[in-house]
Amino acid sequence: MNDSDHALKYDSRDFLKFSVRQDRERDVNELEGLIRGIALDGRIVAAEAMALNRWCLRERNRPDGSLFREARDRVREAVSDGMLDDEERADILHFCELLRSPSAFYSVATADMQRLHGLLAGIGADGVVNDVELSGLSEWLENAENLKGTWPYDEIDSVVTHVLADRRIDAQEHEFLVAFTQGFLDSTSDLVLETPFDETLIRFGICASQPEITFQEKRFCITGSSPRASRRQIESVVARLGGIPHPRVVKDLDYLIVAAERSLSWAFSCYGRKVEAAMQLRRNGASLAIVHETDFWDAAADRGIQPPSSLR
């Protein structure tokens, strides 16, 4: 090992001393979500136990190693019999509370996002997503509306809203839900996942469900062909309401309006490069909402502006 290797190793150890609190809270938030996701259907199978064991195998050589050894021991003991009963679940969640710092390092939104990642991983761990799990996920999402406008909250919220509307999960919906939730199983505990999004799943969960749209000093971009108004007319409405029309999807964009016919509240047929760019920005942590033009016009109507009469 040369001098630069020694220096790098020393610097890494030194950095860990300062990052231990946020590392701990991130792991705890993900464990809480994982436990809640796995326990939603009241059973635990081998694949779910493996997901918990992967969490237990995380090693960061941190100063609080003994604390996490206790956490790992509790998790391993709980799943050793292939079950996770209510008492064991409550015990682990209580321990999660004890592990948190008196004053949390992360903001509420960041901590909730970490819990959502763990929750989705727990739901998808066994390769089956059922209506009980979706109902539990829907309830959790309702209590975390502070995550609206961020990935993957909008995507999974839109899908859950639609699937629960007819109270059945068809084969195509199930395929998407399993693929989407399992994308969080191999997370390296980073807030932003790098897993590519399969284009066959693009039409699921693109547009936010009942988004909150504000206009003042917000940037809007438009894609697709509207049956109600021309692109220039939509941009005129944006400007009239205090927003800023923008021709391209950029990092500081606030809304991408999908202009298209809408037969379902969560899908559309005009997937294109602007949507792809917006989804990539969302996966990279940008607070960018993809909204259908129906919701755009609803927000405009609330402010006294209707679609042009000639195109309504």
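Me: Where in the protein is confidence lowest, and where is it highest?
Reply: This is a predicted model, and its confidence is lowest in helix H1 (residues 3–39), with a mean of 64. Strand S2 (residues 244–245) is where confidence is highest, at 96.

Me: Which residues have a pLDDT below 50?
Reply: Residues 188–201 do, and that stretch has 32 contacts in the model beyond near neighbours in sequence. Over residues 263–270 the pLDDT also stays under 50. For residues 263–270, the model has 20 contacts beyond four places in sequence.

Me: Thanks! And what is the mean pLDDT of the protein?
Reply: The mean is 77, with 75% of the residues reaching 70 or more.

Me: Switching topic: which helix does Glu-133 lie in?
Reply: Glu-133 is part of helix H6, which covers residues 131–142.

Me: Does Glu-133 count as buried or exposed, and why?
Reply: Glu-133 counts as buried because its relative accessibility is 0%, and buried means under 20%.

Me: What is Glu-133 in contact with, leaving aside its neighbours within four places in sequence?
Reply: Its contacts there are Gly-37, Leu-40, Asp-41, Ile-123, Asp-126 and Val-128.

Me: On to the strands. How many bridges join S3 to S4?
Reply: There are 4 bridges between strand S3 (residues 255–259) and S4, and the two strands run parallel.

Me: Which residue in S4 does Leu-256 stand opposite?
Reply: Leu-256 has Ile-290 opposite it in S4.

Me: And which way do the residues of S4 point?
Reply: In strand S4 (residues 289–292), Ala-289 and Val-291 point one way, while Ile-290 and His-292 point the other way. All of them are buried.

Definitions and conventions. Residues numbered from 1 in each chain as written. Predicted model: local features only at pLDDT ≥ 70, side-chain atom pairs only at ≥ 80, totals over all residues. Heavy atoms only, no water. Buried < 20%, exposed > 50% of the residue type's maximum accessible area, 1.4 Å probe, protein only. Contact = heavy atoms within 4.5 Å. Pairing = 2+ DSSP bridges. pLDDT = per-residue confidence, 0-100.
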